[in-house]
Amino acid sequence: MVINMATSNITNGNGFVKEIQTSPKRESEICHDDSSSPIKAQTIDELHNLQKKRSTPSTPTGTAPAGFSSIAEEDRQRLQLQSISASLASLTRETGPKVVKGDPARKSSSTKVAHVAHHQLPPTISISDSSLKFTHVLYNLSPAELYEQAIRYEKGSFFTSTGALATLSGAKTGRSPRDKRVVKDENTEKELWWGKGSPNIEMDEHTFLVNRERAVDYLNSLDKVFINDQFLNWDPENRIKVRIVSARAYHSLFMHNMCIRPTEEELENFGKPDFTIYNAGQFPCNRFTHYMTSSTSIDVNLARKEMVILGTQYAGEMKKGLFSLMHYLMPKRHILSLHSGCNMGKDGDVALFFGLSGTGKTTLSTDQNRYLIGDDEHCWSDKGVSNIEGGCYAKCIDLSREKEPDIWNAIKFGTVLENVVFDEHTREVDYSDKSVTENTRAAYPIEYIPNALIPCVGPHPKNVILLACDAFGVLPPVSKLNLAQTMYHFISGYTALVAGTEDGIKEPQATFSACFGAAFIMLHPTKYAAMLAEKMQKHGATGWLVNTGWSGGRYGSGSRIKLSYTRKIIDAIHSGELLNVDYHKTKVFGLEIPSAIEGVPSEILDPMNTWSDKDAYNETLLKLASLFKNNFETFTNYKIGEDNSLTEEILAAGPIF
Ligand SMILES: Nc1ncnc2c1ncn2[C@@H]1O[C@H](COP(=O)(O)OP(=O)(O)O)[C@@H](O)[C@H]1O
Ligand SMILES: C=C(OP(=O)(O)O)C(=O)O
Ligand SMILES: [Ca+2]
Ligand SMILES: [Mn+2]
C-alpha cells in the first residue's frame, strides 16, 4: 500500500529550493534541512517495500500479480508446491515435506507465502521433528537473487571485477567418473553397456533408494532448497523437462545458465518433470552402504528417472549427468546424441567438433565468423542438429582477451566462475593462477556469445571434425578422413594427457574414450558409431582429424600448435578450400595431409618435417600406433550397422605397421 505523505512541496523539479521560507516555522520543521522531494513512505519498512516492484515471477513468491485471476493463480501455486513436495518426499515415511515458498530470512508481513502441508493426518505420537518443519523453496530464482543468496550464505562467493560470481566447488574440482553408478535392473541389464571400458558401474535399486533417502533427508533438514525447473534440447519435439533440487545458490545459478531457461508461460505449464536431480553434494554418502567405494556417489536410476548426488559439489556432475540421460533417451528415438561443439556458417553450413575435455570444442565452436549452436552437447535427428543445453562451460585456464574475445566478454554479470583466483581488492581474476585447480571454469548462458544462434538448432552437418590433443606430436595438424577412418577415430576417441597435470605422469599418456565421451555414453559405442556412419553417409558429411596438440616434437621438446593456426585450418575446412587441394598419405596411420593451407606455414602440415630427430619421430609414431591398436582390440568382436562390410573397413582404417 502506497502512502503519499507529501503535503507541501518546497522544491522545484530539479530538487533545488524554490524560495526561502520566511513564515514562522512549526516545531517539527525547525531542523528540516531536506532539500529533495519527500518520499512516498512513512516508515523504513515502507521505504524498503517501495524498492521492489512486484513482478510476475520467474521467481514466484506466492503473491498473485495484479491482473491475474487470483483463484487460478492460487491453484497453480498449490499444484506447483504439491509437485515440489512430492519430489522431496521421503520414501520410507511416505510423506512429502511441508513446503513453503520464499526465503526464510526474508519473511515479512507484507509477503504472504503459499504453502502446502504434507499430509492431512492429525499429528500422532510417532511423528518426527522433520515433519513439523517447513522446507522453504527458492523456485527458479533469477541470477540477481541467486547472487544475493550465494554471497550471503556461501563462503567463497564473490563478485569479480567484471560482475561474474566467483565460487568454490569445494574439495572436488572435477568430475568423479569412478563414483558414477547406474542401477542395473531387468531392463538396463539388457539395454546398457556394462563391463570393461563402460562408464556404467552397477548398483542395485535398493542401494539407490538408500542414497536417495539420504539425499532427500539432508535436503529436507535444511532451511531452504533451490528448485530449478528447466528444459533440455532445443528440438521442441524432443524436449526433456528436468527438475534440479539443490542446496546451493551456486548449483542453482550454474543450472540456470546451463539448461534451457523456460519462459514465464512455459514455467506456469511445466507440470511434472521428466527427470529429477537431487543434489546433496555437501553431504557424503555412507561408506557402510553396499557398493560405496568412497564418500562420493553419483547415482542414476533410469526407471525412476532420478539422479542422486552425494559427496561432490562440482557442478559439472549435474550437466554431464543429464548428458548421460540424453545418451540413453535419444537413441531410443533414433536420435544420435553427440559430445561435440557445433556451429554454422553464414551459408548454413554446419560443423560438429568432437573431442575429449580440453581438445578445443568450446574454443573452436566459439568463432566470431560463425553462429554458435552450442559448445558441448548436441542431438542429430532426421531434421538436423539441436543443442541440448542453454549455456556453455568454458575452461578458463590462461584465458586471454586477445585469443578468445567472445569467451572473455561472456564473463560478466550472471556468469558462474568456478575455482578461479582473484585480487583480494580489485577482484580482477588471474586466469593463469592454478592455485585452486587447473580446471577453472566459466558457465554462462549461450546468449552471452554475441553470434549465438537462438533457437540453437541447425541443418544437417557438412563437416565432422574430430579433435585430438596429441602430446606425442605425431598426428598431423589436419587430415581428411574417409568414412571408415572417421568411424575408426570416433570409436577410438584418442587424446593425450601431458606431464604436469597429474602427479606421476612423466611422459604423454594416451587416453582413449569411445565416441569421444565414454564417460557419458550409456549404450555400447558401436550403437552410436553406426548411427553416426549412417547419418554422415546419408547427408554427405566429410570427416576431418585435427590435432590441437603438439608439433615439432612431443610434449617437452615440441610446442602446442598455435591456436591461430588451428583457427586457419578450421576456416579452410568450413570454406571448402581443403576439398580442393593436393593430399599425400602418411605412413602407418594412412592419413591424408593437405599440401597447403592459407595462413598456415606449409612445413608444419606434415609432422615428420617438424621433428629434427627423424628416428625419434618414427619411434614415437609406432608407439602411438600400437596404443591405438591395443585399444581397438575390445571392439574387434563387434559388428557395426546391419551388414558387416563397414566393420571390416573400419578395422582396416586403423594404423598398419
Ligand atoms: N591449437 C589449439 N586449439 C584449440 N585449443 C587450444 C589450442 N592451443 C591452446 N588451446 C587451449 O586449449 C583449451 C581447449 O579447451 P576447451 O575449448 O575448453 O576444450 P573442450 O571444450 O573440448 O573441453 C583452451 O584453454 C584453449 O585456449
Ligand atoms: C565439463 C566437461 O566438459 P569439457 O571438459 O569437454 O568442456 C567435462 O568433461 O567434465
Ligand atoms: Ca566434455
Ligand atoms: Mn568444453
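Let me begin with a term: a residue is called buried when its relative accessible area is under 20%, exposed when it is over 50%, and partly exposed in between, computed with a 1.4 Å probe on the protein chains only. A second term concerns elements: helices (H or I, at least four residues) and strands (E, at least two) are DSSP runs, numbered from the N terminus.

What I am presenting is a predicted model, in which local features need pLDDT of at least 70 and side-chain atom pairs count only at pLDDT 80 or more, while totals for chains, interfaces and linings use all residues. Residues are numbered from 1 along each chain as its sequence is written, chains are lettered from A and ligands numbered from 1 in the order in which they are written, and side-chain values use heavy atoms, with hydrogens and water left out.

With those terms in place, consider helix 6, residues 249-258. How many of its residues are buried? The count is 10 of 10, and helix 6 is thus described as mostly covered. Among them are Y250, H251, F254 and H256. Beyond this element, P262 sits in the loop between helix 6 and helix 7 (264-268). P262 is also buried, at a relative accessible area of 17%. Its C-alpha lies 21 Å from that of M307, a residue 45 positions away in sequence.

I turn now to the calcium ion, ligand 3. Donors here are N, O and S atoms within 2.8 Å of the metal, or 3.2 Å for Na, K and Ca; water is not among the atoms, so sites may look incomplete. Which protein residues donate to the calcium ion? They are K320 through NZ, H339 through NE2 and D376 through OD, at 2.3 to 3.2 Å. The manganese ion, ligand 4, is 5.2 Å from the calcium ion.

On geometry, four donors count as tetrahedral if all angles lie between 85 and 135 degrees; four count as square planar and six as octahedral if opposite donors are over 155 degrees apart and all others between 65 and 115; anything else is irregular. The calcium ion has six donor atoms with angles of 58 to 154° among them, and its site is irregular. Along the sequence, the donor residues follow the spacing K-x18-H-x36-D. H339 belongs to strand 13 (residues 336-344) and D376 to the loop between strand 15 (371-374) and strand 16 (377-381), so this pair ties together parts that are 37 residues apart in sequence. H339 and D376 are both buried.

A residue is near a molecule or strand if one of its heavy atoms lies within 4 Å of it. A polar contact is a pair of N or O atoms within 3.5 Å; within protein, one must be able to donate a hydrogen and the other to accept it, and residues adjacent in sequence count only if both atoms are side-chain atoms. For classes, Ala, Val, Leu, Ile, Met, Phe, Trp, Tyr, Cys and Pro count as nonpolar, Asp, Glu, Lys and Arg as charged, and the others, Gly among them, as polar.

The residues around ligand 2 include K320, H339 and D376, together with K361 and R441. Polar side-chain atoms of K320 and of R441 each lie 2.7 Å from an oxygen atom of ligand 2. For the side chain of K361, the corresponding distance to a ligand 2 oxygen is 2.9 Å. Taken alone, ligand 2 exposes 290 Å², of which the protein buries 94% (Shrake-Rupley method, 1.4 Å probe; for residues, only the protein chains shown count as cover). By class, its shell holds two nonpolar, two polar and six charged residues.

Around ligand 1 there are 16 residues, and G358, K361, T362, T363 and E404 come nearest. Here the backbone contributes: an N or O atom of the G358 backbone is 2.7 Å from a ligand 1 oxygen, and a polar backbone atom of I561 is 2.8 Å from a ligand 1 nitrogen. The protein buries 89% of the 570 Å² that ligand 1 exposes when taken alone. Helix 9 (361-365) and helix 13 (563-575) are the elements giving two or more residues to this shell. Which element gives the largest share? Helix 9 does, with three residues.

I close with the backbone. The peptide bond from I454 to P455 is cis, with omega near -5°. C515, not a glycine, has a positive phi near 60°, and C515 is buried at 4%.
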